[in-house]
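Colleague: Before I rely on any of the words you use for this model, I would like to hear what stands behind each of them. Could you take me through them one by one?

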Amino acid sequence: MCGILGSWQFDAQARGDAEDALARALPLIRHRGPDDIGTATIPTASGHLRFGHTRLAIIDLSAAGHQPMIRGPLSVVFNGEIYNYRELRQELLGLGHSFSTDTDTEVLLAAWRQWQQAALRRFTGMFAFALHDARNDSLTLARDAFGIKPLYYSLDGRRLLFGSEIAPLRALDPSLRRLDWQRACDYLSYGRYDCDERTFIQGISQIEPGCLIRYHAQDGVQPARWWTPRTAATWRGSFADAAAEFRERFLDSVRLHLRSDVPIGAALSGGLDSASITCAMRHLEPDMPLHTFSYIAEGPQSEAKWAQLVNRHCGAQAHEVRVDTADLERDLDELIAAQGEPFGSTSIYAQYRVFQLAREHGIVVTLEGQGADELLAGYSGYPVERLSSLLESGHPLRALAYAGQQARLGRHPLRLLAQSLASVSGKWGREALRRRAARWPAWLRGQLLAEAGVQARPPLPAQRQGARGRRLMQAQARALAGDGLGALLRHGDRNAMRFSIESRVPFLTPDLADFLLSLPEQFLVSARGQTKTLLREGLRGIVPQAILERQDKIGFATPEQAWLRALAPELRQWIVAGPEVAFIDREQVLREFDAMMQGARPYTWQVWRWVNFSRWMSCGAVQA
């Protein structure tokens with residue numbers, strides 16, 4: 001796990017300025033790699049290419065892992081891990097390649113030289129890298145299938161900038177300071193962000209999950225998607241067969257994710273996903289010292305008893321952190337800076353403190369359960385999409401029965417059926433859903449936004465892509481491609497890296513995703529509405545039965561409403577003191593803020609978005 005940064009100045013005369021700018025910007029990602037720092041000028045036929053790297057040593061702790069790494073015509077700066085690097089190394093040795101280190105970075109370079117872009121599909125891992133090929137003077141920026149590792153870039157006629165975080169790119173080019181209105185309104189109105197290539201800053205984009213771009217001076221930018229989730233129903237075995245297959249694939253993934261030359265721990269909420277990871281670690285490594293790190297909430301949101309159950313089952317050394325309003329007040333500016341862009345709720349702070357706790361106890365790598373909800377029909381089980389699948393595959397009676405089961409779970413069956421019917425009714429139904437949802441709140445100036453070309457883009461049920469009756473799988477595929485999972489992965493990466501922790505997510509491998517998305521939908525969510533049915537069956541005997549039978553989902557839930565009400569005077573001042581934004585009616589925002597803080601209106605997550613957005617703009621010197 002590392003930080004990467006670079007610039008390709010197309011004007012060779014800019015060399016001195018580029019080197020100075022890189023030297024100033026690289027320390028901004030030193031938290032991503034405190035163990036080593038390196039820069040290199042890469043020979044190129046056009047302009048001036050400079051690579052920078054900060055290293056967090058995980059595999060081969062020696063100086064042999066120093067980056068930038070250059071082998072023959074290839075030069076790379078790489079962030080992440082290729083967990084199956086040993087197997088790839090053996091294959092490449094048989095193909096005539098030689099190695100001088102035990103690093104996965106050198107395996108990446110040999111694999112690229114052997115297979116080019118096709119190497120990406122062979123990698124089991126998380127990665128973001130910039131690779132220059134002197135044979136055709138091209139630069140490739142590539143990101144892993146799910147976007148676990150970040151990669152941003154900015155391109156204009158003068159230069160191409162790229163890096164692991166937005167702040168150092170802005171340091172390389174201080175003109176990158178204007179707000180992207182579309183992304184800001186997506187976030188403020190609908191809580192949507194990290195769902196496509198847009199960022200909150202005009203002129204800075206992110207490489208989307210499973211994508212790459214290749215830049216060549218003559219051809220410009222050539223984007224490509226190297227992995228797309230497949231949702232066709234290709235599984236032909238029974239449910240029991242699928243559960244056994246899942247068990248084997250999941251344990252294989254956890255086994256690979258345990259490869260490390262530094263201490264490993266587990267982030268444990270007490271929920272099904274993190275418990276599955278923790279228990280699999282113990283199942284695979286009975287004698288390994290196992291440390292878990294948990295946030296413990298107060299009151300009904302507490303998952304302490306579940307985390308304690310897992311710790312007893314695994315014989316793990318438990319470490320817990322509790323958080324109060326004073327803690328949040330102390331750390332809020334630092335949390336906002338670490339995240340780099342606005343985020344959804346204060347639950348992110350609980351995760352932030354868990355990673356801080358892990359680092360304080362000498363842990364450098366953690367495993368966590370992110371991605372299970374998007375692969376195994378978690379959360380509420382995607383009820384609208386599942387109903388849509390039943391309806392369009394000709395099973396209306398099963399759809400009615402399923403809707404009835406949703407009522408048992410505390411949901412509104414008629415509302416779910418209405419949304420499902422609209423979703424499967426073609427363009428007119430989807431347009432009706434869009435029109436109903438696509439309304440700007442009163443505190444946004446809709447006319448001004450319309451004149452600026454900003455669109456209301458509410459989250460809607462996924463359109464059918466491919467076979468009928470696969471709406472649930474198609475929704476999960478959309479979430480995996482960034483619209484949902486992307487934000488969660490960003491939170492995890494920035495929080496972990498703030499404390500120089502490598503956070504690993506064993507559920508998220510392309511092979512495991514392709515397998516799970518090929519199954520019948522009823523294997524993932526039962527006729528009674530039980531979520532993650534396959535996981536519950538596949539991990540019997542590994543995870544305590546009481547955990548497997550849990551129906552609720554809490555995660556790192558925080559008492560956000562109580563926290564923000566306690567801090568209301570200071571947070572209100574943040575909104576007042578924030579930069580003027582033409583499309584926001586600040587007086588209306590303040591009226592609604594006051595009403596929610598005083599209990600005159602129901603509290604919503606909108607309060608946090610106003611606060612976070614205003615403070616981020618102020619601290620980041622962002623211009624509207």
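Colleague: How many salt bridges does a search of the whole structure find, and what makes a pair count as one?

Modeller: The search of the whole structure finds 41 salt bridges, where a pair counts if a side-chain nitrogen of Lys or Arg is within 4 Å of a carboxyl oxygen of Asp or Glu. This is a predicted model, in which local features need pLDDT of at least 70 and side-chain atom pairs count only at pLDDT 80 or more, while totals for chains, interfaces and linings use all residues. Residues are numbered from 1 along each chain as its sequence is written, and side-chain values use heavy atoms, with hydrogens and water left out.

Colleague: Why is the pair of Glu-165 and Arg-32 called a salt bridge?

Modeller: The closest N and O atoms of Glu-165 and Arg-32 are 3.0 Å apart, and the rule asks for a distance within 4 Å, so the pair qualifies. The pair links distant parts of the chain, 133 residues apart, with Glu-165 in the loop between β9 (159-163) and α4 (166-172) and Arg-32 in the loop between α1 (15-25) and β2; helices (H or I, at least four residues) and strands (E, at least two) are DSSP runs numbered from the N terminus. Both Glu-165 and Arg-32 are buried, a word that stands for under 20% relative accessible area, with exposed for over 50% and partly exposed for values in between (1.4 Å probe, protein chains only).

Colleague: What makes Lys-149 and Asp-493 another such pair?

Modeller: Their side chains meet at 2.4 Å, N to O, and this lies within the limit of the definition, so the name salt bridge applies. Lys-149 is in the loop between β7 (138-143) and β8 (152-155) and Asp-493 in helix α18, 344 residues apart, and both residues are buried. Arg-32, Lys-149, Glu-165, Asp-493 and Arg-494 are linked in a network of salt bridges.

Colleague: Why is Thr-54 called buried, and which residues does Thr-54 touch?

Modeller: Thr-54 has a relative accessible area of 0%, and the limit is under 20%, so the residue is buried. Thr-54 lies in strand β3 (residues 48-55), and a contact means heavy atoms within 4.5 Å; leaving out residues up to four places away in sequence, those that Thr-54 touches include Cys-2, Leu-26, Ile-29, Arg-32 and Asp-36. A polar atom of the Thr-54 side chain lies 3.0 Å from the backbone oxygen of Ile-29.

Colleague: Is Asp-60 buried or exposed?

Modeller: Asp-60, in the loop between β3 and β4, has a relative accessible area of 11%, which is under 20%, so Asp-60 is buried. Its phi is near 55°, a positive value in a residue other than glycine.

Colleague: What makes helix α17 largely enclosed?

Modeller: Of the 10 residues of helix α17 (residues 471-480), 9 are buried, so the helix is largely enclosed by the rest of the structure. Among the buried residues are Arg-471, Met-473 and Leu-480, and the buried residues of α17 pack against α11 (372-375), α12 (383-392), α14 (413-424), α18 (485-498) and α19 (510-517). Just after α17, Gly-482 takes a positive phi of about 130°.

Colleague: Which salt bridge involves Asp-333?

Modeller: Asp-333 pairs with Arg-615, the closest N and O atoms being 2.8 Å apart, and this is within the limit, so the pair is a salt bridge.

How values were computed: A polar contact is a pair of N or O atoms within 3.5 Å; within protein, one must be able to donate a hydrogen and the other to accept it, and residues adjacent in sequence count only if both atoms are side-chain atoms.
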